[in-house]
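Have the model open as you read.

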Amino acid sequence: MQKLVFWGLVGLIEGKFMTISQSHIDANTPLGANLIGSGVTFRTCAPEALEVHIAINNSQTKSNKIFEKSPDKLLNRGKQGDWVGFIEGIKEGDFYRFYIVGKGKEGFKRDPYARELEMDDYPSCDCIVRASNTHPWHDQAFQSI
C-alpha cells in the first residue's frame, strides 16, 4: 500500500512533488471527488467562502491542531462560487476533507458529495475517495415507482 506523505496538497508520492492543477477541470467537472486518469478532481460549491483548502490523508483533520493554510492547499475559485482542482497521484481509498475559510469562522467540512465516509469518529470523520461506479446502489424498486 502506497503511503502519502502530506501536510496538505504539496507532498511526495514515490519521490514526486504534487500540486493542485487545473488539468481535467472544465465547466462539466462533477461535484465531489472524482477519479480521472492518474488522479482526482475536486469540486465543491461554497459561494460565500473566502478560501477552500483540501487536506489529503492529513492527521490534522483528526486533532484539534490548527490547519496550516497555504497556497499549495488552496483550490481555485470558479465563476459560480465553486472551488476546483486536480491532484495527480491521489487514488481510490485516500481520505480527504475540505477546510473552509469564511467570514468570521473557519474549519473542516465534509464533502456533501462524498461517496463514502470514514465512520470511526462520526461526525468528525473524513471522506473517502471512491470511483463513481463502485457503489452498490439498491434503488431499483424505488425507480420503478
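How many cavities of 30 Å³ or more does a search of the whole structure find? The search finds one.

## About the model

This is a predicted model, where local features need pLDDT of at least 70, side-chain atom pairs count only at pLDDT 80 or more, and totals for chains, interfaces and linings use all residues. Residues are numbered from 1 along each chain as its sequence is written, and side-chain values use heavy atoms, with hydrogens and water left out.

## The cavity

A cavity here is a set of points on a 1 Å grid over the protein atoms alone where a 1.4 Å probe fits but cannot get out; lining residues have an atom within 4 Å of a point. The largest cavity has a volume of about 40 Å³, volume being the space filled by probe spheres set on the points.

Its lining includes Ala33, Tyr96, Ile128 and Arg130. Six lining residues are nonpolar (Ala, Val, Leu, Ile, Met, Phe, Trp, Tyr, Cys or Pro), two are charged (Asp, Glu, Lys or Arg) and none is polar (the others, Gly among them).

## Salt bridges

The count comes to seven salt bridges (a side-chain nitrogen of Lys or Arg within 4 Å of a carboxyl oxygen of Asp or Glu). One of them pairs Asp82 with Arg43 at 2.8 Å, N to O. Both Asp82 and Arg43 are buried (under 20% relative accessible area; exposed is over 50%, partly exposed in between, with a 1.4 Å probe and protein chains only).

Arg130, also in the cavity lining, meets Glu116 at 2.5 Å, N to O. Arg130 is partly exposed at 24% relative accessibility, and Glu116 is partly exposed at 32%. Shared partners join Glu92, Glu116 and Arg130 into one salt-bridge network.

Terms used:
On a 1 Å grid over the protein atoms alone, a cavity is a set of points where a 1.4 Å probe fits but cannot get out, and a pocket is an open set with protein on both sides within 12 Å along at least five of seven lines; lining residues have an atom within 4 Å of a point.
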